[in-house]
Amino acid sequence: MKLYLRIGMLLVMLSVLFVSCTKESDPTYDVGLVPAVVTHYMDDTTHILVASTSYGKLYATTFSSYSAGKCLLVDFSYQPKQYGNSKVGENGYYTVSVVGTTAVDQYTALSSLSDTTKLLSNELPVVAPVYSGYAHYFTCLEGFLFFPSVYLTTLAQTSSWQLSYSTTAKNESVGSVYNFYLRSSASAAPDSAATDTLLLDVNAFNINDFITKAGITADEFYARIHYVYRINAYDSSDFTWRETDPILIKRR
């Protein structure tokens, strides 16, 4: 999913779980866009598709139009008195009203580390691998790690993303930290007259193999994200890597 930064932020999540906006007798809580992964929900009598989010599992008929494993941004509202929500503890999911959904590009994280001494073909500089204005999008759901990343490109270019990893952790002050390498590239070189623009992409990477190979059993772990920050347009051998501080990733 691509956004133009100059149009401003979509919605900043507040510190409370939901934001109330309607009648006291039957309040509606509008949440805004959140990352989600469509998944199966089954018990003795029920087999439905729900959306797994950082708020828990959500049910709406909208999700039946997707296949399990589809990554989305979901805009939804919640009413405590809506049918089924009196049995959330029993059901294991919230019944919600979906305002809209946006598909998120999906990739599989690569176990072979990127060659950090060379640029990818038509590589694009990444300004922020996890943009602070959308930091709540950086989450791990059902084995998919969502990245809200800002990069430098032109409006005519089509970009793709790559995430590679090391299963060997480095011991740092916060504990064990795993190294990830996030890179972006364009399908073709830009027109020489094209103007560079800052864009935000939200992508989801399947890291289930990483979790298995690294032997991670805890619900959270730390990662350091490495990224190509600067590229000399006149000399492809002249580029700069940067890295983030360790970032806590909670698996949901």
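How many aromatic pairs does a search of the whole structure find? The search finds 19 aromatic pairs, where rings of Phe, Tyr and Trp (its six-membered ring) pair if their centres lie within 6.5 Å, and planes under 30 degrees apart count as stacked, over 60 as edge-to-face and the rest as tilted. This is a predicted model, in which local features need pLDDT of at least 70, side-chain atom pairs count only at pLDDT 80 or more, and totals for chains, interfaces and linings use all residues. Residues are numbered from 1 along each chain as its sequence is written, and side-chain values use heavy atoms, with hydrogens and water left out.

**View A. Tyrosine 178 and phenylalanine 221 form an edge-to-face pair.** Their centres are 6.1 Å apart, with 85 degrees between the planes. Tyrosine 178 belongs to strand E15 and phenylalanine 221 to strand E17, so the pair ties together parts 43 residues apart in sequence (strands, E, at least two residues, and helices, H or I, at least four, are DSSP runs numbered from the N terminus). Tyrosine 178 is buried, at 10% relative accessible area (buried means under 20%, exposed over 50%, partly exposed in between, with a 1.4 Å probe and protein chains only). Phenylalanine 221 is also buried, at 6%.

**View B. Phenylalanine 180 and phenylalanine 210 form an edge-to-face pair.** The centres lie 4.9 Å apart and the planes make 65 degrees. This pair links strand E15, which holds phenylalanine 180, to helix H2, which holds phenylalanine 210, 30 residues apart. Both residues are buried.

**View C. Ring pairs join five residues into a cluster.** The members are Tyr165, Tyr178, Phe180, Phe210 and Phe221.
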